[in-house]
Each structure stands twice: as structure tokens, then as C-alpha cells.
Amino acid sequence: MTNNDIFKKLRVALKLRDDEIVKILELVDFRITKSELGAFFRKEDHPKYMECGDQILRNFLNGLVIHLRGPIPKKDSKPAISNKNTKK
């Protein structure tokens, strides 16, 4: 199974449109146009077919995590104080 196959199956399973995929990739600062994206979803024998590289699929998956879960909350620089060990 190629990266293109994985990308196609995720697109169908999650019912994503091209513009939504572009926005998901922008969440991880990866820019791609709709026409570049469309080349990944073509048949292998099509003249404009393009192989989906590991970097593109990795960025899509990382962006998908942010899209579905939300951004990672920033940690405070101060440690939390626990009241378990304090005497009353």
C-alpha cells in the first residue's frame, strides 16, 4: 500500500474535501495548493499523477491530530503545588 493509497482512504473515511485538507496542512505550516493535492488522488497511469512522499503524509497526519483534538495546551513554567503533603 502506497502513501497515495493511505491518503485517499483517509480522505474518503473522514469525508474531507480538498480545501479542508489544505487547511489541515496549514495547521502545521505546510503550504500546498489544491492542484498539487489533486495530483496525489489521480490514478497512477494519469500523466499528472504525483507520488505522495513521506513528508507530505506525515504533515497531514500531524495536522489531522491538531484538527481533531485541538492544539497542544502550553505548559506553565511554574510547577503545580500539591496539597497532599501539607499538614493542617
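This is a predicted model: local features need pLDDT of at least 70, side-chain atom pairs count only at pLDDT 80 or more; totals for chains, interfaces and linings use all residues.
The protein chain has 4 helices and 0 strands, running α-α-α-α from the N terminus. Of its 88 residues, 25% count as buried. Take the contacts between residues at least 6 apart in sequence: 60% of them join residues at least 24 apart. The accessible surface of the chain comes to about 7400 Å², and carbon and sulfur atoms own 53% of that.

Now for helix α2, residues 18–26. Its buried residues are I21, V22, I24 and L25. They sit on the same side of α2, because they cover an arc of only 160 degrees around the axis. The background is simple: an α-helix has 3.6 residues a turn, so residues three or four places apart point the same way.

On to the rings. A search of the whole structure turns up 3 aromatic pairs. One of them is F7 with F60, a tilted pair at 4.7 Å centre to centre with 45 degrees between the planes. That pair ties together distant parts of the chain, since F7 belongs to helix α1 and F60 to helix α4, 53 residues apart. How buried is F7? Its relative accessible area is 0%, so F7 counts as buried. F60 is buried too, with a relative accessible area of 0%.

Ring pairs join F7, F40, F41 and F60 into a cluster.

How values were computed
Residues are numbered from 1 along each chain as its sequence is written. Side-chain values use heavy atoms; hydrogens and water are left out. Buried means under 20% relative accessible area, exposed over 50%, partly exposed in between (1.4 Å probe, protein chains only). Helices (H or I, at least four residues) and strands (E, at least two) are DSSP runs, numbered from the N terminus. The arc is that of the directions from the helix axis to the C-beta atoms. Contact means heavy atoms within 4.5 Å. Accessible areas come from the Shrake-Rupley method with a 1.4 Å probe; for residues, only the protein chains shown count as cover. Rings of Phe, Tyr and Trp (its six-membered ring) pair if their centres lie within 6.5 Å; planes under 30 degrees apart count as stacked, over 60 as edge-to-face and the rest as tilted.
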